[in-house]
Amino acid sequence: MKTRSIYIVDDDDSIRNSLHSLLSVRSDLLIDCFNSGSAFLQRAGKLDPGVLILDSHMPGVRGVDVLRTIDRGRFMTIMLTGQANVGLAIEVMRAGAVDLLEKPCDPDMLLQAVDAAFEKLKQVRGVAARTEAAQRKIQRLSERERAVLDGLIKGQANKVIAYELEISPRTVEIHRAKLMEKLEVRSLSEALRISFAAGIVPFE
């Protein structure tokens, strides 16, 4: 069974222990606890991607400050608070939290929120992985091959690309064949899909 990482950040020892006990019923969870926002941030860069259960009101670094500092592509955050209000909800959601729960948490509600956060993390990490893979392929292209690809993205015919680059249509065909080989695709639509995934042009 593949383990999933979850991080509990709360300055209250009893709450940290309670959350740890509750989450320990899930055998696939690797749980790590921190007693302050600063303690978590000191190690965040070396931690595996996972779900963060974060107290909103802590001495020193506030929960929302932690939320604004972390990489949202690596951590999905469930914010906990003992003082829920609309203003706080808006603030933490704008900062990137996927959920806000009031303490003491209903166990079933918390576990559901954790499952939803892991699903969101899976989706985000999947998109990031596809983007990185596409960018690595694009980086294989020579400067001229990339220029030809840019022309194809614009919907230009080979002869138009040739005119703009001041090369022959035959040379464009050669560059086009090479870039298709480097991108490991067989059709223009597949090449464009990789370009979009790499962020070369936005989806419309």
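Q: How many helices and strands are there in the protein chain?
A: Nine helices and five strands. Helices (H or I, at least four residues) and strands (E, at least two) are DSSP runs, numbered from the N terminus. Keep in mind that this is a predicted model, where local features need pLDDT of at least 70, side-chain atom pairs count only at pLDDT 80 or more, and totals for chains, interfaces and linings use all residues. Residues are numbered from 1 along each chain as its sequence is written, and side-chain values use heavy atoms, with hydrogens and water left out.

Q: What makes Tyr-7 and Phe-75 an edge-to-face pair?
A: Rings of Phe, Tyr and Trp (its six-membered ring) pair if their centres lie within 6.5 Å; planes under 30 degrees apart count as stacked, over 60 as edge-to-face and the rest as tilted. Here the centres are 5.8 Å apart and the planes at 75°, so edge-to-face it is. Tyr-7 sits in strand β1 and Phe-75 in strand β4, so the pair ties together parts 68 residues apart in sequence.

Q: Is Tyr-7 buried or exposed?
A: Buried means under 20% relative accessible area, exposed over 50%, partly exposed in between (1.4 Å probe, protein chains only). Tyr-7 has 3%, so it's buried.
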